[in-house]
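Please consult the sequence and the structure shown here before reading this briefing.

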Amino acid sequence: MDKVIIFDTTLRDGEQAAGGMLNIQEKLGVARQLEKLGVDVIEAGFPVSSPGDFGAVQSIAREVRGAIICGLARAHPKDIDSAWAALKEAEHPRIHVFLSASDIHMLHQLKKSREQILEMSRDMVARAKKYTDDIEFSPMDASRANPEFIYQVLEAVIDAGATTVNIPDTVGYAIPEEFGRLIEGIFSNVKNIGRAVVSVHCHDDLGLAVANSLEAVRQGARQVECTINGIGERAGNASLEEIVMAIETRSDFFKLTTGINTKQIYNTSRMVSELTGFSVQSNKAIVGANAFRHQSGIHQDGVIKMPITYEIIDPKKVGVPASSLVMGKLSGRNAFRERLAELGYSLGEEDFIHTFQAFKELADKKKEVTDRDIESLVAEEMRTVTEAYHLERIQVTCGDRGIPTAAVKLTGPDGITLADAALGTGPVDAVYKTINRLVKIPNTLTEFSVKSVTEGIDAIGEVLIRIESEGVTYTGRGADTDIIVASAKAYINALNRLLALKKATV
Ligand code: KIV
Ligand code: ZN
């Protein structure tokens, strides 16, 4: 069967989602997981956009093998040179050049004519081609552009050396039938189209990103750009798991395949959600908590008799853990390692030791440690940023009589111990005010949420916060059976991210 190339842009377009910023270590962790998932192309970032992005693309290019590693570049010489500088150590590097091609963008944003766009596209693809053979070109906002002009641009960039031409529905405006016609038109009007792979990149503003991508595939597109959990700019991108499982589950219809190891889908989804702080809605197809849960009696009866009655996908096929084997304080190191492996994690020795220690501490507080608890412990270990500040101790008094008071002890830069106390309107306010007195970084708290990882009063509480400083949003997460401690950890995590980014940009 013909294969559809899966181009994952979680680390570029996905990370562009407001508040979804990841640090280099986290991006590297996601890239390694994408490699296990078997994606064909990893768009690792937009190197010219920031030193952090450059560093992430460079580390991924150095360390991840197998997949093509791609870096984004506007049609500017310095973007292309920077993309190549970041990518040059990759086993299979790809430069992805983009330039707006719709009249709306040309007139209002770029203030350039069609002739100028055509010339820049051709010249910049030729410049990128001097560095590497694998060049992708995207005429941005293609779905709102004049199709004849798109044909002209594609022909020119293929002649200049583009090997993949990607058709973006940048603002999620297209309707499947219409988008399919555009792809069909490209195949019948671009003379040299046989020399390039046709790709699509759809946004989800009207909830049609997956439908548009699949229609394009039906019309001959053989690369789909997508993200884990569908995260991305605004309403997001086409969701990788939905595209892949639609192609796999309906292979009778599409007669196509992908190189994805579908058993890694669930893990990858959890990892991306934990690291970005974007939770997956419970009714989300394929990876939502309810995706394989049957509530109605009739459905339950059917599934017990024969799963195929109401289940079109075996949950095991996408790696949803079959059992929720419960671990407890008597579970040893080997059992824990085995459970981690069953959940799809292979931690380095140091990470394993920390996570096992955290598991033991949790098992002392909580009778049963479930898979979700273990996922939360692994995520806690993985989100460790270079810590400028570390939470040592926290003590809070609160209730409906006294004034909430917090005392906090931190280890700061160079191992210095810092301690202070403050009053607040509630315990979290008191803790955050105390931390502010110690850390002294002006910021605004824009989001705060607590959720419990499992049922039960002794569950781990996960706190997610977002803070804003100088126009940039930083996410912080913390987990603990005490939600005030989790709140403090989340705040310190966000502040450490802020400091790490500032340090990386000086
Ligand atoms: O949405 C878009 O048009 C993009 C391009 C850079 C491909 O993300
Ligand atoms: Zn996009």
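This is a predicted model: local features need pLDDT of at least 70, side-chain atom pairs count only at pLDDT 80 or more; totals for chains, interfaces and linings use all residues.

Residues are numbered from 1 along each chain as its sequence is written, chains are lettered from A and ligands numbered from 1 in the order in which they are written, and side-chain values use heavy atoms, with hydrogens and water left out.

**Domains**

- The domain assignment gives domain 1 (2–276), domain 2 (292–318), domain 3 (323–383) and domain 4 (390–505); such bounds come from an automatic or database domain assignment.
- The centres of domain 1 and domain 4, taken over C-alpha atoms, are separated by 37 Å.
- In domain 1, 10 residues are in contact with 11 residues of domain 4, where contact means heavy atoms within 4.5 Å.
- About 790 Å² is buried between domain 1 and domain 4, and 44% of it lies on carbon and sulfur atoms; buried area is the accessible area (1.4 Å probe) that two parts lose on being put together, summed over both.
- Of the area that domain 1 buries against domain 4, 57% is supplied by Gly19, Met21 and Glu274, more than by any other three residues.

**The sheet β11-β12-β13**

- An open sheet is formed by 3 strands in the order β11-β12-β13, with antiparallel pairing; two strands pair if DSSP finds at least two bridges between them.
- Helices (H or I, at least four residues) and strands (E, at least two) are DSSP runs, numbered from the N terminus.
- Because β11 (390–397) and β13 (417–423) each have a single partner strand, they stand at the edges, and one side of each is left without a neighbour in the sheet.
- Neighbouring strands of this sheet are turned by 15° against each other on average, direction ignored; axes are lines fitted to C-alpha atoms, for helices over the stretch in contact, and angles run from 0 to 180 degrees between N-to-C directions.
- Helix α17 (residues 427–439) packs on the sheet and touches β11, β12 and β13, its direction making about 140° with that of β13.
- Strand β11 is joined to the antiparallel strand β12 (residues 405–411) by 7 bridges.
- Opposite valine 396 stands alanine 406 in β12.

**Cysteines**

- The structure holds 0 disulfides, a disulfide being a pair of cysteine sulfur atoms within 2.5 Å.
- Cysteine 202 is in no disulfide, and the nearest cysteine sulfur, that of cysteine 226, is 10 Å away.
- Cysteine 202 counts as buried because its relative accessibility is 0%; buried means under 20% relative accessible area, exposed over 50%, and partly exposed in between (1.4 Å probe, protein chains only).
- Cysteine 226 also counts as buried, at 0% relative accessibility.
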